[in-house]
Amino acid sequence: DCQQADIKYLSGWKQWKRTSSKSLKKVLNEVKELSSYLKLWRHDIHSIEGKFGTGIQSYFSFLRFLVLLNFIIFILMFSFVTLPSIISKYGIFNSSFAKIPLENIAPHCTVYKPNDNKGLVYFYTYLKDLLSGTGFLEVTSLFYGYYTIDAAWLSVLRYNLPLAYLLATFAYLALSLLWIIKRSVEGFKQNLVHAEDQFQSYCNKVFAGWDFCITDPHAARLKHRSLQYELQTDLEEERLKRKIADRTMKEKLRIYSLRIFINIIVLAVLSGCFYSIYRATVFSQENSNVSIGHDIRTDANLLVQYLPSIVITLANFIAPQIFSFLIGFEDYSPAFEIRLTLMRCVFVRLANIGVLLFSLWSQISYCATDKCKACGYNYELYPCWESEVGQEMYKLMIFDFIIILAVTLFLDFPRMLLVTHCSCKPVQWCGLQEFGISDNVLEIIYGQTICWIGTFFSPLLPAIATIKYFIIFYIKKISLMHTRKPAARPVRASSSNFFFLVVLLIGLLLAFIPLGISIAHIPSSKACGPFRSFNTSWAVVPATILGFPTGLQQVLHGIASEAFAVPFFMVICLVMFYFIALAGAHKRVVEQLREQLAMVRFDPLFCTPKV
Amino acid sequence: AYKRFSELLPKEERENARSARVPKSQILTLPELRANPFQHRICRVFSTSDDGDDSMSFEDFLDMLSVFSDSATSEIKSHYAFRIFDFDDDGTLDRKDLEKLVNCLTGQGEESRLSNAEMEQLIQNILEESDIDKDGTINLSEFQHVVSRSPDF
């Protein structure tokens with residue numbers, strides 16, 4: 001009745017304000033609910049969460065994020081690069097083709113006759129072309145060589161396609177970077193707090209350990225076991241830490257020398273992988289190209305074409321096994337062991353791509369004759385080298401997809417059938433495989449790095465990546481539901497989310513390097529592509545700037561000069577130091593307050609009798 | 001929510017479901033509670049019945065759903081979580097409560113319990129981390145402080 005009395009005395013205006021704010025809140029809530037319905041695969045991910053816990057669910061939401069990212073990148077590249085080219089080819093706008101080379105380019109550099117297999121072809125050739133990106137696929141908009149338009153005119157506006165191509169590349173890289181950073185910011189905050197002192201790990205596990213979304217009693221039993229296992233492991237780690245602190249000098253010396261030795265072995269394994277990839281790439285390139293003089297393309301075996309992909313996949317599979325075997329000897333704490341193995345696996349996977357690209361480039365830039373030096377790249381074998389690189393990335397992506405399909409079909413399902421129908425001891429002891437979250441995540445990050453690098457050379461690659469990840473979601477989900485058992489060691493969702501995004505970020509930053517070298521260092525091919533009339537792909541930017549009014553030019557020159565860059569850099573450093581100092585001060589305040597809270601108990605002024 | 005609640009009642013009482021009370025055994029058949037190790041505590045905490053039989057009326061049911069929903073604030077959730085974890089209802093979490101809590105988490109059955117030494121070490125660590133006034137028990141504000149720093153709650 002008190003409330004009613006109050007309401008009677010509220011003025012009409014206040015009442016209206018209150019009701020309108022309430023209805024606004026209601027509308028906002030409903031919009032939020034509706035938008036969560038629209039989220040892709042909401043129901044699937046929810047059911048996975050209920051059956052297998054939040055660790056595995058974070059893998060699937062990470063997959064969903066990648067599907068969306070690739071789709072947006074595809075829309076970007078398509079609308080700014082592919083669509084204008086296609087429209088121009090059909091002659092809707094007046095467009096000029098970049099067929100007129102610069103005066104000082106030797107004519108032999110501009111000869112490019114792709115074998116597009118028109119007319120009747122064997123089905124085998126068709127399939128081979130589909131799988132390796134040659135033949136009829138090479139002249140489609142899938143690869144760099146298709147984009148020959150110099151500019152498209154819309155009545156009076158000039159659409160500079162080369163500039164658009166370059167800027168779209170930078171745009172999708174920047175978009176990916178910003179989106180990943182935005183997603184990892186929340187996880188970073190938590191990790192910063194936790195990494196500094198593990199002051200709450202036990203409380204977290206005990207008070208927040210139970211996953212209230214679990215509805216299946218079988219899953220509940222597994223959760224119990226996993227919680228018990230986790231608590232026992234943590235306690236054991238603590239005991240181990242105390243033991244390590246008590247080590248004698250002699251033991252320390254022995255362990256450190258053992259670790260150095262094992263690291264040398266790891267380096268040897270890595271160099272073995274890199275060398276084999278280099279040799280495989282060189283071999284594959286040598287055996288699938290003949291000089292243009294003969295005017296025949298060797299009917300290269302599909303196996304030879306896919307040799308680099310096969311070697312990379314083998315290396316990606318064998319190296320982690322070796323690493324997890326070796327780390328047993330190094331006597332680290334279990335958590336550090338896992339992290340170190342993971343870091344090594346990440347490095348192997350990403351560096352493999354780098355070695356492949358490096359070996360491709362050494363082939364492309366290998367110049368023996370003067371004629372070749374005039375072009376800047378090996379014009380005989382690679383008249384359109386960007387398309388070649390694009391084809392390699394395309395092959396890597398297709399092969400990756402095929403391997404994931406094959407592993408699921410030919411390893412997981414037979415294993416499940418064997419375990420359910422055959423009750424002999426060794427089979428039952430093997431049991432179902434666990435869902436290795438980190439392995440699967442590394443797999444898709446590897447695929448995404450290929451996509452990022454390859455999109456510059458093959459603008460429709462993000463579309464293929466979107467479809468690939470879309471199908472992989474369903475494959476993994478079916479494989480998970482039917483052929484896997486939940487992991488004995490649970491992975492906490494918050495820390496794993498952050499870890500996935502950090503590794504993805506590493507992949508993106510690593511993708512900058514090959515792209516930067518391709519765009520700025522290696523001369524663009526003069527026989528195909530939008531950058532024909534420029535020295536390198538980057539040269540289109542200075543050329544455009546020279547076309548700007550003088551005032552704007554001077555401003556841009558000023559920004560790029562040292563006089564601006566150095567003070568700017570110093571200001572950014574100062575801002576960063578300020579924030580670090582602020583964080584340190586906050587931490588000290590928290591410590592002091594905690595101590596004060598403990599002291600309050602003994603202070604007679606504040607003492608309250610215990611209820 | 002009303003539909004779920006009335007499904008739990010036997011057929012005769014469905015018309016006046018608003019005023020009926022559902023016995024504890026029926027509530028525990030809900031799929032979300034079936035697998036939950038804290039099911040008994042949850043029923044005890046949310047039930048307002050006077051005779052201590054842990055039956056729940058429709059309001060109690062709504063209370064429970066609203067606390068567990070995604071839109072409840074962390075303060076409400078931690079308040080109720082504290083009451084659920086407090087096995088002896090004395091307003092603080094002492095060593096016995098913590099021991100029962102850990103046993104609930106690791107599962108029923110002899111082989112899934114931690115050994116005594118491990119339990120001691122674990123409880124020692126928990127108290128070290130969360131007991132600010134060092135009185136050997138965790139009260140509501142200490143609990144809320146710990147939980148507010150926890151990302152997985």
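Modeller: In this predicted model, domain 1 of chain B and domain 2 of chain B bury about 990 Å² between them, 69% of it on carbon and sulfur atoms. Buried area is the accessible area (1.4 Å probe) that two parts lose on being put together, summed over both.

Biologist: Which three residues of domain 1 of chain B supply more of that area than any other three?

Modeller: B:Phe38, B:Arg41 and B:Val67 do, with 58% of the area that domain 1 of chain B buries against domain 2 of chain B.

Biologist: How many salt bridges does the rule find across the interface of domain 1 of chain B and domain 2 of chain B?

Modeller: The rule finds zero, where a salt bridge is a side-chain nitrogen of Lys or Arg within 4 Å of a carboxyl oxygen of Asp or Glu.

Biologist: And which element gives the largest share of the side of domain 1 of chain B that touches domain 2 of chain B?

Modeller: Helix 4 of chain B, with five residues. Helices are DSSP runs of H or I with at least four residues, numbered from the N terminus.

Biologist: Turning to chain A, what percentage of the 611 residues is buried?

Modeller: Buried residues make up 43% of them; buried means under 20% relative accessible area (1.4 Å probe, protein chains only).

Biologist: What conventions apply?

Modeller: Residues are numbered from 1 along each chain, and chains are lettered from A in the order in which they are written. Local features need pLDDT of at least 70, side-chain atom pairs count only at pLDDT 80 or more, and totals for chains, interfaces and linings use all residues, while side-chain values use heavy atoms, without hydrogens and water.

Biologist: How many helices and strands are there in chain A?

Modeller: Chain A has 21 helices and five strands, the strands being DSSP runs of E with at least two residues.

Terms used:
Buried < 20%, exposed > 50% of the residue type's maximum accessible area, 1.4 Å probe, protein only.
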